[in-house]
Structures are given as structure tokens and as C-alpha cells.
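Me: Before I use this model for any calculation, I would like to go through a few of its features with you, one question at a time.

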Amino acid sequence: AVACHVREEFHKSAPQSARRHGRNGGRTLRGLSEMGRSPGSARRPTADDLAEVVAAKVEAGELGRQISKVLLRENGLTDLGACHLLNALPSTITELNLGDNRLHEVSPWAGMGLLKALRRFTGLKQLVLANNQLQDTMVDQLCTDLELCRGLTKLDLSGNKIHRGGIGAGRLISSHPNLEVLNLQWNSLGGSPAVAITKGLLD
């Protein structure tokens with residue numbers, strides 16, 4: 001059965017970047033500040049600048065063994081920086097946390113590029129996009145795309161600007177037997193979106 005959880009369950013990432021081996025032998029990418037440093041730079045880089053540098057390092061194979069988890073909560077990433085990084089990561093990522101960033105600040109260059117980048121990760125088990133001010137159009141398409149992630153067990157969309165996008169979440173619940181945790185707290189759900197979610201839980 002799918003449980004619709006409404007509790008905050010993700011702690012703040014460590015301020016210093018760390019790369020650790022996961023239990024499955026993969027590597028965890030955590031934080032951009034250390035890995036994205038560029039010696040001799042005259043100005044302080046933005047989070048998107050750092051993401052572009054880290055993406056280049058990933059593509060060049062400088063980060064060692066296969067990355068399986070990406071935990072980049074509270075890094076100040078916009079849609080543009082997230083796209084740089086996601087397009088460089090291996091498609092075998094199983095856990096992705098981009099919560100508390102600035103993904104709503106969609107750049108003219110990237111547009112809805114974040115959604116396109118996320119479609120590569122069909123093996124995702126956990127996805128966190130909390131507190132990014134994401135709106136209905138994007139969330140509805142995201143939920144449609146996530147139907148391909150048959151191993152997804154946890155989705156956190158709390159603290160966004162979701163109203164009618166809740167209808168897409170209802171469809172996702174109904175079609176996704178492995179989904180165990182769906183966090184939609186701090187959104188504007190009501191009316192037909194709330195009905196769709198309830199129906200998805202009962203299906």
C-alpha cells in the first residue's frame with residue numbers, strides 16, 4: 001500500500017563537500033563547493049558555475065568510481081546549473097536530492113530542461129525536489145515521466161506551489177505499486193487534486 005506521508009524527513013546536508021562510498025559500492029556526490037573550486041578565479045563562482053565545473057569533472061572521469069547518489073540540498077542551484085550536472089551524471093543514479101534550491105528560477109537557455117535531464121534516470125529509487133517553488137505544469141509532467149521509474153519508492157515534493165499538479169500525483173500513485181512515501185505537505189492541494197490523490201491511494 002502507498003502511504004502519503006506529511007512529515008519532514010530530510011536533514012540538512014553537511015556544509016563541507018564529501019564523497020563517500022555507498023553500501024552498494026557506488027559513490028555519493030555531496031556538495032559543490034570543494035569539487036567546483038577553480039584555482040586563480042578572480043570572482044566568487046555561483047552555484048551554477050560550480051555545477052558546470054563539477055559536471056566537467058564527472059565527464060572527464062575525475063571523480064573515481066561510479067556515482068550512485070547525488071545529495072545537493074541547499075546549494076543554490078537554478079534550473080541551468082542542475083541541467084549542467086544532471087546531463088553529465090551516469091543514468092544509473094538511484095538517489096537524487098535537489099531540495100531547497102532555486103529550481104523555479106528557470107533560465108531562458110534551459111527552459112524545461114530539468115525535466116528532460118531527469119528522464120534519463122529511470123532507475124531512481126528516491127527523488128527529493130522539496131522547497132523549490134515548482135508549479136503545476138512542471139509537476140504534472142514530472143509525475144508522468146516518473147511512471148517509467150518502476151523502482152521509485154520515495155518522492156518528496158513538499159513546499160512547492162502545487163495545486164492542480166496534484167492530479168498528476170494521483171495518477172502516479174495509482175500506477176506505481178512500489179511507491180511507499182509521497183510527501184506533498186505545504187502545497188495548495190484541495191478540490192479535484194485532493195480527490196485524485198485519494199483515488200490513487202484507494203486504487
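Me: Is cysteine 143 buried or exposed?

Reply: The model is a predicted one, and the call rests on relative accessibility, where a residue under 20% counts as buried. Cysteine 143 has a value of 1%, so this residue is classed as buried.

Me: And what of cysteine 149, buried or exposed?

Reply: The cut-off for a buried residue is again under 20% relative accessible area. Cysteine 149 comes to 3%, and therefore counts as buried.

Me: How many disulfides does the model contain?

Reply: A disulfide is a covalent bond between the sulfur atoms of two cysteines. The test applied here asks for a pair of cysteine sulfur atoms within 2.5 Å. By that rule, the number of disulfides is zero.

Me: Why is strand β3 described as largely enclosed by the rest of the structure?

Reply: Strand β3 covers residues 67-71, and the description follows from how many of its five residues are buried. It is largely enclosed because the number buried is four.

Me: In which sense does β3 pair with strands β2 and β4?

Reply: Strand β2, residues 27-30, joins β3 over four bridges in the parallel sense, with leucine 29 facing its bridge partner valine 70. On β4, residues 95-97, there are three bridges to β3, and lysine 69 stands opposite glutamate 95. For β2 with β3, and likewise for β3 with β4, the sense is parallel.

Me: Which hand does the β-α-β unit of β3, helix α2 and β4 have?

Reply: Helix α2 spans residues 79-88 and forms the unit together with β3 and β4. The hand of this β-α-β unit is right-handed.

Conventions: Residues are numbered from 1 along each chain as its sequence is written. This is a predicted model: local features need pLDDT of at least 70, side-chain atom pairs count only at pLDDT 80 or more; totals for chains, interfaces and linings use all residues. Side-chain values use heavy atoms; hydrogens and water are left out. Buried means under 20% relative accessible area, exposed over 50%, partly exposed in between (1.4 Å probe, protein chains only). Helices (H or I, at least four residues) and strands (E, at least two) are DSSP runs, numbered from the N terminus. Two strands pair if DSSP finds at least two bridges between them. A crossover is right-handed if, with the strands pointing away from the viewer, the path from the first strand over the helix to the second runs clockwise.
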